[in-house]
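Here is a short tour for anyone opening this structure for the first time. Keep the 3D view at hand and follow along.

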Amino acid sequence: MNKLFNKIGTLAVLATVAVGCGPQEKASAQLLINGAGATFPNPIYQKWRSEYSKVDPGVQINYNSIGSGGGKQQIIAGTVDFGASDGPMSDEDLAKAHGKILHIPTVAGADVFTYNLPGDPKLKIDGPTIADIFFGNITKWNDPRIAGQNPGVNLPDMDIVVVHRADGSGTTYIWVDFLSSVSKDWEAKVGRGTAVSWPAGQGAKGNEGVTGMVKQTPGAVGYVELIYAKQNKLPFADIKNAAGEYIAPDIDSVTKALAAAKIPDDFRFSMVNAAGSGAYPIAGTTWLLVYETQKDPVKGRKLVEFLNWALTKGEGMASALDYAPLPDSLQQRVLERIKTIKY
Amino acid sequence: MQATATTQNMNALAGQRLSQRKFGDRAFRWFTLLMALSVFVLIVLIGVKLASGSQLALNKFGWHFLTGTKWDPVHENFGALPQIYGTLVSSLIAIVIAVPLSIATAVFLTELAPLWMRQPLTIFIELLAAVPSVILGLWGMYVLVPWLHDHFYPSLKGTFGYLAIFSGPISGNCMLSAGVILAIMIVPIITSVSREILRSVPGLQREAAYALGATRWEVTRLAVLSYAKRGLFGAVILGLGRALGETMAVLMVIGNTPQIKASILAPGTTLAGWSALQFTEADGALYLSSLFELGLVLLGVTVLVNALAQLMLKTFAGPGVKPQH
């Protein structure tokens, strides 16, 4: 019996020690700001997080990339200090929150049309053709609608295998947002969302899953983020924009799309198929979601300081990670909006 | 006088010991009962949570959720039939491949293998069980599926293409690939449980058969396998349980398309895989609720399959050795 009590005693001591050594102790000295959401901007948010700890050692920012859906839900529930999402929140979701939520655009990225063809030819393609490929209406690579846009390219008589994301994703949102903007049929039958009911093809998990499937399947076509395609040296097509030019995706052409996009006052905007010369059409921005009225004055002030830093100094780190920074005009508008946060 | 006192002391001590032991026994019994009950409580809690989470979808779709074939988050129309179908078919394929393989291996290990070979082989089989499913999935995605797609499936289709299950275009990521990966995952569990069961078949059983002049094959078939069939059936059910719920490895090779196709060379999806894929970005209350209902359906399918298996066991199999696990 005594032995048992001894054991329990030892366990209790051990437990106390374990709790005392945990992260809680460190946190009590620092102010902890928690964020969660989109996976697409995770690399740059992690960069900001670690850089900002040098700027203000009193604040520790945590960012948990659980996905845009989770980010929206957690900011509605108020379990995080800021959320993050690749798609704007719906009016229905905004109404559920206990306070006004602001959309703060941070950086923009692009989706590329990647493929697996013998000899890796450089392709040019327009939106309606992509929509018909993803509908399953165009089934061969040497279809006249593809060949007509690519004179001089020897396209094989090969089946097209469509690969799409099977998990919900901001990358998908940008892709179907673009297809909906160029094809009425797509908008009506499939629509916009982070996950949709795909009319054709097969699904893979994550950018790496789509890449893997495209690489292994001759004749496959899929969409991945620009950053991912560049890092893995995938071939990708030039896409016809609203001005009728075939544009290659890069930081410059995405920033041009951002500058050309019509951006409403609440920053819930879509930049696909933006009407501007040199603008890449399949691009989208990503948002931080914060409450306009902060409950905790100390935390609120620190959060605003961080947002100001991210939208100025932080923007400068974007292009090194292949994200397009906000153009100056938009940056100024966003900074003005951050000033309205009350704490 | 002194002696009496000592005896009394000893008696008192013994009495104390006895009551202590009684207390110990009782405490032990209550403790184990509590532990055993906690499993039950946990399952009930999971069921209750899944049911409450899926309330919205249950109210909206009712039984149509089980017969619907669309999964459309944009228009909020959800049905789980392709997922249920995929779960059952991929597990069935796995069982068809894994059962002969595992039982043959177990027979070899207990009846035929030379003694020096048994231990190393057993260790290897148990190592296979320890490979994390995501690793198997990656291997499946980068090694197995391309090979099956380039070499095995075309010849399969060439030979049996007239059968509906091998019709249509060949997709590397398909129901059959998922079945093969699942089979690899459940072979170790079926093999090691079967091995334990075959080992527990009494030696007398074999000796009696040999005494009657039976050959090795006849001994194995008549004396060992038929004696152990009940237990072996249990081992298969354990494997089936694992196959039904497996998530990661399956979603990496199945093609993740909610559709019902006669061909097992076409992509499909499973209840577990589809839930795992869709959870992260599920905004919208009905969407999330439908995912909860997928979980509820999976729980239901698992319970139903197990109950059916128990029923089959009672009806078809005679007496014999039960699984030890």
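This is a predicted model: local features need pLDDT of at least 70, side-chain atom pairs count only at pLDDT 80 or more; totals for chains, interfaces and linings use all residues.

Strand S9 (residues 238-240) of chain A runs antiparallel to S10(A), and two bridges join them. As background, strands of a sheet pair through backbone hydrogen bonds, and they can do so in parallel or antiparallel fashion.

## Chain A as a whole

Zooming out, chain A counts 14 helices and 12 strands in its secondary structure. Its C-alpha trace spans about 85 × 55 × 35 Å along the principal axes.

How much of chain A is buried? Of its 343 residues, 48% are buried. There is also a figure for how contacts reach along the sequence: taking contacts in chain A between residues at least 6 apart in sequence, 72% of them join residues at least 24 apart.

## Where the two chains touch

Chain B brings 23 residues to its contact with chain A, and chain A brings 28 residues. On the chain B side, the elements giving two or more residues are strand S1 (71-72), helix H6 (133-160) and helix H11 (271-279). H6(B) gives the most, with three residues.

What kinds of residues does chain B use on the side that touches chain A? They split into 10 nonpolar, nine polar and four charged.

## Helices H5 and H7 of chain B

Now move along chain B to helix H5 (residues 115-130) and helix H7 (residues 175-199). Their axes come within 8 Å and cross at roughly 135 degrees, so H5(B) and H7(B) are oblique to each other. The crossing of this pair, H5(B) and H7(B), is left-handed.

Which residues make the contact? From H5(B) they are Ile125(B), Glu126(B), Leu128(B) and Ala129(B), and from H7(B) they are Val187(B), Pro188(B), Ile189(B), Thr191(B) and Ser192(B). Sorted by class, the contact of H5(B) with H7(B) has six nonpolar, two polar and one charged residues.

## Helices H8 and H9 of chain B

Another helix pair to look at is helix H8 (residues 203-211) and helix H9 (residues 216-245) of chain B, whose axes come within 9 Å and cross at roughly 150 degrees. Here H8(B) passes H9(B) in a right-handed crossing.

On the H8(B) side, the contact is made by Gln205(B), Arg206(B), Ala208(B), Ala209(B) and Tyr210(B); facing them from H9(B) are Glu218(B), Val219(B), Leu222(B), Ala223(B), Val224(B) and Tyr227(B). By class, the contact of H8(B) with H9(B) comes to eight nonpolar, one polar and two charged residues.

## One leucine to finish

Last stop: Leu42(B), which you'll find in helix H1 (residues 2-53) of chain B. Is Leu42(B) buried or exposed? Leu42(B) has 10 other C-beta atoms within 10 Å, so it counts as exposed, the cut-off for that being 12 or fewer.

Leu42(B) and Thr67(B) are 25 residues apart in sequence, and 29 Å apart in space from C-alpha to C-alpha.

Methods: Residues are numbered from 1 along each chain as its sequence is written. Chains are lettered from A and ligands numbered from 1 in the order in which they are written. Axes are lines fitted to C-alpha atoms, for helices over the stretch in contact, and angles run from 0 to 180 degrees between N-to-C directions. Helices (H or I, at least four residues) and strands (E, at least two) are DSSP runs, numbered from the N terminus. Angles under 35 degrees count as roughly parallel, over 145 as roughly antiparallel, 65 to 115 as roughly perpendicular and the rest as oblique. A crossing is left-handed if the near helix is turned anticlockwise from the far one by less than a right angle, and right-handed if clockwise. Two residues are in contact if their C-beta atoms, placed from the backbone, lie within 7 Å. Ala, Val, Leu, Ile, Met, Phe, Trp, Tyr, Cys and Pro count as nonpolar, Asp, Glu, Lys and Arg as charged, and the others, Gly among them, as polar. A residue is buried if 20 or more other C-beta atoms lie within 10 Å of its own, exposed if 12 or fewer, and partly exposed in between; C-beta atoms are placed from the backbone. Two strands pair if DSSP finds at least two bridges between them.
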